[in-house]
Amino acid sequence: MSGRARVRARGITRSPSAVEVGRPQAVQTVHTPTSVDLSDNEAPSSSGLVGTSTTSQKYENCVSGDAGDTSMERAVKIRQGLMDLDVYTRKKLAHVRDCKTGSSGIPVKLVTNLFSLDLPQDWNLYQYHVTYTPDLESRRLRTALLYNHQKLSKRAKAFDGVILFLSQELEEKQFDDCSKLVLPLLLTRLLLDVEELLILKKLSMYQIGRNFYKPSETLEIPQHKLSLWPGFAISVSHFEDRLLFNADVSYKVLRNETVLEFMTDLCHRTGTSSFTQTCEKQLLGLIVLTRYNNKTYRIDDIDWSVKPVHTFRKRDGTEITYVDYYKQQYNITLSDLNQPVLVSLLKSKRHDNMEAQMAHLMPELCFLTGLSNQATSDSQIMRAVAEETRLSPLERQQHLARLADDIQRNKDARFELETWGLHLGCQMSLTGRVVPSEKILMQDHVCQPMSAADWSKDIRTCKILHAQSLNKWLIICSNKAENVTENFLNCLRRVGSSMGFNVDYPKIIKAQENPAAFFNTIQKNVNPDTQLVMCILPSNQKNYYDAIKKYLSTSCPVPSQCVLVRTLNKYGMMMSVATKIAMQMVCKLGGELWAVEIPLKSLMVVGIDICKDEFSKGMMVVGFVASINLRITRWFSRCILQTTATDVADCLKVFMTGSKNRAMGGALDKWYKYNHGLPARIIVYRDGVGDGQLKTLIEYEVPQLLSSVKEASSNTSSRLSVIVVRKKCMPRFFTEMNRMVQNPPPGTVVDSEATRPEWQVLFENWYDFYLITQAACRGTVSPIYYNVIYDDNGLKPDHMQRLTFKLCHLYYNWMGLIRVPAPCQYAHKLTSLVAQSIHKEPSLELANSLFYL
């Protein structure tokens with residue numbers, strides 16, 4: 001095992017006192033590719049803006065506090081959201097100081113998944129940090145002492161062992177109980193948002209991470225050994241002028257397979273010689289659930305030396321074997337006495353220098369959660385999961401109505417709200433706008449698509465804007481694929497001719513069906529004159545694709561196109577497949593497919609995304625894509641790997657202006673080359689931003705961009721705007737027609753009521769809006785949440801919204817609208833290729849083409 005988790009795990013003294021067995025407080029949900037909460041028709045996904053806070057309307061009494069100053073897990077997540085609330089840019093943006101809403105488009109009435117939460121006018125929420133003298137390790141004892149104290153017994157309260165929330169301020173901040181224990185309760189801050197209320201626990205739901213699930217209504221997918229726990233992601237937050245309760249349907253994916261069963265199967269497949277290393281590689285970092293307490297744990301290490309018959313020391317100092325502990329505590333009999341134990345590092349809930357704690361878990365009692373990478377690439381599994389989780393707007397609305405009804409009917413849930421002085425109101429409606437649809441500009445035709453979702457039929461006979469002729473290129477395939485390759489090539493040349501893409505006959509080279517043979521063939525036959533290499537792959541083995549892409553993107557920079565034989569065997573879809581591949585090839589050769597009308601002149605748009613490298617755990621991949629011509633149809637793409645633990649880019653000046661000696665130019669240099677001047681405006685769309693990072697972006701990334709723009713020209717610098725793009729947000733919007741709800745049309749904008757408020761004192765906000773660009777036949781569309789955190793361009797909100805909508809038409813890998821602006825999606829594709837397959841910075845010789853499509 002390598003990485004920080006293993007260093008920490010093995011660096012801890014393995015004394016009996018440092019070990020806990022199956023403790024509930026070991027819970028720590030970590031978003032990994034194998035731990036997924038399915039809240040819509042996508043997998044994997046997470047809850048997005050789910051972590052929410054606590055609420056007060058007494059703003060003038062707010063005192064500031066360090067947003068990251070608490071050590072408990074949930075409080076950290078609260079503060080990550082509150083850090084964004086500390087960010088306020090609207091007062092600096094004079095053009096939106098008075099009004100941040102747009103005006104163009106047709107008004108549309110929308111139903112949301114937001115519920116009003118009524119509270120008294122003078123309602124406040126107080127937070128206290130609780131310490132004990134002498135100190136108490138037991139969370140259960142800490143909670144019992146606090147809840148039974150006479151001065152707190154009749155108050156509405158919530159306590160997790162460290163942080164106490166009250167709706168009334170304490171007159172005494174320190175008091176003694178009958179055991180002479182001193183409990184100083186220190187007011188750390190008044191919060192403006194309330195964390196998830198515990199009302200769903202009153203509905204027999206279990207909290208996992210920040211969501212609540214109902215195991216009693218489990219949905220089984222027996223053919224794939226999967227279970228789905230239905231539940232809800234909820235939050236309570238301040239929106240423009242009121243406090244709102246936000247709820248969305250969520251599903252927890254569980255595998256009906258224990259870790260012990262997984263390990264046994266793996267041993268049979270790999271053999272004993274490499275089993276230990278393979279097992280650690282497969283399991284470390286995964287999230288497991290122990291059903292005896294419905295808690296989740298992260299596997300940080302595997303201790304092969306500890307067995308169930310070994311003893312550990314309990315809190316009271318007595319020693320007991322793991323076998324006896326589980327029998328006495330949970331009435332569970334362990335069957336395999338030779339299994340190792342899983343190690344999960346417990347996150348300290350207090351600010352002290354205590355020795356780090358570990359939880360030891362039995363593999364046969366731990367169930368794997370989420371979907372493996374192999375499962376997510378299996379279309380049958382994903383289809384089966386989607387059939388259960390992809391809810392229509394009507395089905396989603398029915399789930400929300402049932403939740404609201406359950407809360408109102410359940411005495412305990414209703415009492416919990418009333419104790420806090422709260423009342424759950426009705427579901428909120430609001431008014432949005434549908435902006436005008438866009439025309440698609442081709443070489444010889446202006447197309448008004450019948451459907452914004454897919455305009456492939458509308459432009460089938462139209463010439464694309466620009467395509468470079470493909471004269472010298474290779475096709476590498478196996479002997480078995482010779483016939484299908486010839487058929488495909490004929491279709492490719494035919495569709496290429498109709499769209500204005502001249503494709504000459506290639507050199508076809510046969511190779512044996514193994515990755516090494518394909519790789520060696522490429523090395524021997526690719527030369528500097530080769531324009532493109534196409535590989536017809538016999539299977540979707542990752543090592544085929546990775547080896548080809550890594551070599552042709554770094555060592556020998558040539559655009560490449562990989563196609564599966566099974567894709568070419570779909571004879572009824574051959575023309576459609578050939579058209580799609582032809583368009584990708586045009587883009588990889590630096591061509592342009594279509595455009596939309598952009599009223600702003602001399603505009604550069606930029607997309608930035610960042611993700612973790614799958615191979616090097618301490619490495620972050622930063623992708624940067626910028627338009628370099630006036631029509632926004634040509635792109636400069638570059639990727640840099642940086643060693644940092646945060647999702648913040650520190651290489652933006654290199655992207656914009658190139659290296660220090662300007663030997664390798666950046667996006668501004670490319671723009672100057674094409675347009676003989678610098679852009680008048682630059683609008684940056686920053687994707688891949690987590691909760692609590694807005695302030696960091698404003699303080700760290702925006703200055704890099706401003707400095708780059710200033711250094712590029714000593715005369716007049718370009719005006720800059722920075723927009724944060726958030727794909728994961730909880731609010732949903734539906735249109736209502738004949739008492740039925742359905743997805744809103746593409747181009748729907750929401751910039752009031754469900755947006756964030758403008759708080760004038762301490763917690764000040766930004767200029768924001770939601771935009772829906774999807775047109776889903778099944779499932780529920782998800783809005784994209786945009787935060788304009790910096791704007792020197794002075795664009796009206798209406799213009800910024802319209803421009804964002806236009807850019808969603810310019811992604812050349814799909815003939816239709818996409819969820820996010822095209823530069824964001826290009827940057828995402830680039831970072832995905834590097835993080836998953838290349839693990840190196842691509843050659844700059846490919847930077848002027850979309851080689852990663």
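Mentor: **Helix α9 and its surroundings**

The residues of α9 that count as buried are Pro393, Arg396, Gln397, Leu400, Leu403, Ala404 and Ile407; buried means under 20% relative accessible area, exposed over 50%, and partly exposed in between, with a 1.4 Å probe and protein chains only. Down the axis of α9 these buried residues fall within an arc of 120 degrees, so they line one face of the helix. The arc is that of the directions from the helix axis to the C-beta atoms.

This is a predicted model, in which local features need pLDDT of at least 70, side-chain atom pairs count only at pLDDT 80 or more, and totals for chains, interfaces and linings use all residues. Residues are numbered from 1 along each chain as its sequence is written, and side-chain values use heavy atoms, with hydrogens and water left out.

Helices (H or I, at least four residues) and strands (E, at least two) are DSSP runs, numbered from the N terminus.

Leu394 also lies in α9, but it is partly exposed, with a relative accessible area of 29%. Setting aside residues up to four places away in sequence, Leu394 touches Met740 and Val741, where contact means heavy atoms within 4.5 Å. Leu394 and Val741 are 347 residues apart in sequence, yet 5.5 Å apart in space, C-alpha to C-alpha.

Next, the charged side chains. Arg409 and Asp405 meet in a salt bridge of 2.7 Å, N to O; the term stands for a side-chain nitrogen of Lys or Arg within 4 Å of a carboxyl oxygen of Asp or Glu. Both lie in α9, four residues apart, about one turn of the helix. Arg409 is exposed at 64% relative accessibility, while Asp405 is partly exposed at 34%. A network of salt bridges links Lys214, Glu217, Arg402 and Asp406.

By this rule the salt bridges number 23. One of them joins Glu438 and Lys806, with the closest N and O atoms 2.8 Å apart. Glu438 lies in the loop between β24 (423-434) and β25 (440-441) and Lys806 in helix α19 (residues 797-807), so the pair ties together parts that are 368 residues apart in sequence. Glu438 is buried, at 7% relative accessibility, and Lys806 is buried at 7% as well. Another salt bridge pairs Glu319 with Arg313, the closest N and O atoms being 3.8 Å apart. Arg313 is partly exposed, at 34% relative accessibility.

Thr321, in strand β20 (residues 319-321), is buried with a relative accessible area of 17%. Beyond its neighbours within four places in sequence, Thr321 is in contact with Pro308, Val309, His310, Thr311 and Phe312.

As for the chain as a whole, it has 20 helices and 40 strands. Of its 853 residues, 57% count as buried. Among contacts between residues at least 6 apart in sequence, 73% join residues at least 24 apart.
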